[in-house]
Structures are given as structure tokens and as C-alpha cells.
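Work through the exercises below with the sequence and the structure open. Each task is followed by its solution.

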Amino acid sequence: MNQVATKVSSSATSIPRGSSVPRSQARHVTSSKQTPKQTHKPLLTSLPAGSFAGCVPGHNNTSDLFIARAAAGATATTSQSLSSVEINPIINTQGLIQPLIPTGSQAAVFAVYNDRKQLQYVGFSKDLYNSLRTLMGRRPDKAFFYKAVHLPTLDQKQMIDIRTAWFEECGGPPPGNKLALERTAWQQPVSAGAISERGKLQAAEEQLKVLLAQIQQRGCKEDFQPDAALMKDGQVDFLPAKAMTPEELEAQQKRIAELAKATKVVKFELDGATAQYELFFVHSYPTNGGMMYDLTITYEEQETRHRIILGKEYYEDFGLEPEHVVAMAFTFLLQKKEPRHTEGLMLSSQFPINYFSISELDQVFPDFQVLYTSKGMMLGGDGKFWRFNKLHDYGYKGESAQALSDMFKLKEETAA
């Protein structure tokens with residue numbers, strides 16, 4: 001049986017549910033001292049066709065929303081192949097767009113991939129964060145992963161040479177650079193398709209709802225604000241992230257440090273490969289019989305909310321931290337590929353993963369105990385919890401519509 005690879009800390013911090021702090025930033029915090037204000041540089045707008053202009057001309061492209069983005073890294077060379085560049089998700093496991101940008105980087109050449117990691121577009125940027133935000137807003141159905149190389153100076157020739165080398169490596173430009181319609185979709189605001197002047201704003205508002213729904217469905221927690229002027233013209237594009245003051249950044253870093261205590265990365269084996277998810281303890285409640293947690297699971301770019309009740313008999317008797325048992329439970333369920341979101345009427349075969357107790361998990365899946373017995377531990381069994389045995393099954397069993405119709409018809413005739 002596969003085991004949880006990452007031990008979960010016992011000191012889960014209670015974080016307000018409405019907190020807007022990007023939790024994954026906590027990984028990059030190295031000091032609680034005030035950080036100097038950092039300004040993102042505007043995107044390139046003067047490169048040849050096929051480049052990325054990013055935001056609409058006239059926008060204020062300054063932002064220091066993610067001061068933790070800067071990190072040490074190597075600069076690019078024209079000989080650096082696309083295949084040798086690391087691929088990263090555009091939306092990280094906490095629902096944020098947070099590319100790591102080497103200190104001193106003045107420009108970048110980047111490539112965008114779809115959900116199947118197929119190359120879609122290659123562009124240039126002086127602000128990779130806002131470039132990826134803009135592309136995410138325009139193409140939430142296409143922008144899933146990215147690769148990027150960074151330059152210490154804004155050298156347009158070198159950037160074009162890198163892009164040309166990547167095209168040759170891939171056998172030609174990707175659709176977003178080669179095809180006119182695709183190129184427009186990546187490089188220009190989204191057209192709402194209105195014909196009349198009167199209908200432009202209404203059409204743009206409808207298009208905005210569609211894009212925001214797609215972005216939310218992707219699990220993205222970024223704040224996307226539409227450009228009001230473009231909306232009136234029947235187009236949809238999103239404004240760059242706003243700048244933050246040094247005081248706001250300092251307060252944010254303190255909150256990030258708190259969030260770091262409540263966010264845990266858990267690695268596990270799935271289908272012969274290593275997978276991982278993030279476990280965020282939103283609230284923890286001591287109970288007479290143990291603990292109750294409100295938490296979120298972020299896995300495969302989707303976040304789900306859960307409440308779990310944990311009896312002392314599952315951790316005290318074995319010297320385990322309760323948060324570690326929670327991680328064991330969710331790893332077990334992910335390995336079984338149980339759906340992570342259930343609502344409305346449920347089939348008897350569905351496990352209520354959004355609100356359950358460990359004892360319920362133990363009863364529904366007897367092999368959960370193997371996680372203990374494999375370590376020489378023995379759960380108490382029936383004496384440890386109330387057991388409700390199923391005497392009758394009224395659930396759906398795969399009957400056809402005709403079979404169900406005949407069944408109820410027979411009951412009605414008998415009653416008559």
C-alpha cells in the first residue's frame with residue numbers, strides 16, 4: 001500500500017476563510033522585513049509580427065503584487081533549446097499565477113502550452129507575470145503551461161533568434177504564431193461579436209461572464225478586472241495587476257508566514273508515478289472526541305473544500321499527529337480516484353468526501369486499516385465507533401428505464 005510521503009505538521013493555524021492572501025507565496029518568504037517596492041516593467045510593444053504585446057497600449061503595467069517572484073536563475077542563450085527548458089503550470093496549486101523570475105531579468109521569451117502540453121504560442125515579454133495573466137484571461141481554454149527563458153538585457157535580436165530556434169526545433173511555428181485567427185486570439189482583446197453600437201456593451205458583458213466562469217473553473221484565484229473602455233467597444237481584456245505599497249507588502253508577508261504553517265504539500269504514488277497535492281487547513285476545532293477540520297485540497301489545478309471529523313483513537317494511540325492522519329485519509333481517497341466534489345442527491349455507492357469522519361472512511365473502505373497494520377499498528381475496530389449496518393438498499397442498481405417503469409407499474413396495480 002502506498003504511503004503518505006510528506007509528514008504533516010501538528011501546528012495547523014486557523015486562517016480566516018475570507019483571507020485573500022496567496023497561500024503559495026508562503027514558500028518564497030525568507031524574511032519578515034519590509035521589502036522595497038518593485039515595479040513590473042511594461043510589456044514589449046515594438047517587436048515584429050508574432051511577438052506579444054500583452055496589454056492594450058495605454059495601460060499602466062506596473063505591479064509589485066508578487067514581490068516573492070524574484071529568484072536566482074540562469075539567463076538564456078540563443079543555443080538554449082525549448083526541450084531543455086522546464087515546463088510549469090500557469091496556475092499553481094494555490095490558484096495563482098506566480099512565475100519565478102530571476103533577479104535582474106529585463107525580458108523573457110516564453111512558450112505557452114495547452115492541457116495536453118502541446119505548444120500553442122511563443123511570445124516576448126518585459127513582465128512575464130502580467131503577460132501570463134493576460135493570456136490566461138484571453139485563452140483560459142488554451143493557456144495551461146508555460147516555459148520561459150530570461151534575459152539580463154532587452155536584446156530584441158537575441159529574443160527573435162531564440163524564438164526562431166524554437167520554431168525550427170518544433171518543425172515550424174505553433175498555431176498561435178502561424179494561423180491568423182489564432183494569432184489574433186492570443187495577441188488581441190477578445191471580441192464579443194456585437195454588430196450594432198447599442199449591443200456592444202451587452203455582448204461584452206456576456207463574453208466577460210463566460211471568460212470569468214472558465215477562469216474560475218480552472219481554479220484560478222487571481223483578481224481579473226475588465227478594461228471598462230474596451231467593454232464599451234464590444235471587447236474584453238483584463239487590466240494588469242495593481243501595484244502595492246511597501247506597507248501593504250509588509251503586512252502581506254506577515255500573513256503569508258501564517259499561511260505557511262497551515263499549507264502542506266503531500267506527495268504520493270499514483271499509477272506508478274509521483275503525484276502531489278496541497279492540503280490547506282482553514283480552521284481546526286478541538287472536540288471532546290478528537291478534532292474537526294475545515295480544509296481545502298488543491299490537486300490537478302482544482303481546489304475542493306472538505307470538513308473532516310477525526311477521533312482520538314486514530315492518532316493518540318499511535319503517537320501520530322492528527323494532521324498527518326488527515327493527509328493519510330485524503331491520499332488514500334485520491335489513490336482510489338474518488339470524486340472530490342459531491343453535491344445534491346448521492347448514490348449509495350458514492351463516498352461523501354466533502355463531509356465525513358475517519359471512522360466512516362474506515363467502515364466504507366476496510367483496506368484503510370492497512371495504512372496502520374503495515375506499520376505494525378492495529379485499529380480497535382467495532383469497539384471504537386458506532387457502526388450502522390445497511391439492511392436494505394433502495395439505491396439505483398443500474399436498472400433500465402423500462403425495468404423501473406414496469407416495477408412501479410406492478411406496485412401500483414398490486415396496491416389497487
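**Exercise 1.** State the strand order of the five-stranded open sheet and find its edges.

Solution. The order is 9-10-11-12-13, with mixed pairing; strands are DSSP runs of E, at least two residues, numbered from the N terminus, and two strands pair if DSSP finds at least two bridges between them. Strand 9 (263–270) and strand 13 (355–357) each have a single partner strand, so one side of each lacks a neighbour in the sheet. From one strand to the next the twist averages 30°, with axes as lines fitted to C-alpha atoms and angles running from 0 to 180 degrees between N-to-C directions.

The model is predicted: local features need pLDDT of at least 70, side-chain atom pairs count only at pLDDT 80 or more, and totals for chains, interfaces and linings use all residues. Residues are numbered from 1 along each chain as its sequence is written, and side-chain values use heavy atoms, leaving out hydrogens and water.

**Exercise 2.** In which sense do strand 12 and strand 13 pair, and which residue is the bridge partner of Arg307?

Solution. Strand 12 (residues 302–311) runs parallel to strand 13, over three bridges. Arg307 has Tyr355 of strand 13 as its bridge partner.

**Exercise 3.** Classify the aromatic pair Phe368 and Tyr372.

Solution. Rings of Phe, Tyr and Trp (its six-membered ring) pair if their centres lie within 6.5 Å; planes under 30 degrees apart are stacked, over 60 edge-to-face, the rest tilted. With 6.0 Å centre to centre and 70° between the planes, Phe368 and Tyr372 are edge-to-face. Both residues belong to one aromatic cluster, whose members include Tyr314 and Phe356.

Note on methods:
Helices (H or I, at least four residues) and strands (E, at least two) are DSSP runs, numbered from the N terminus.
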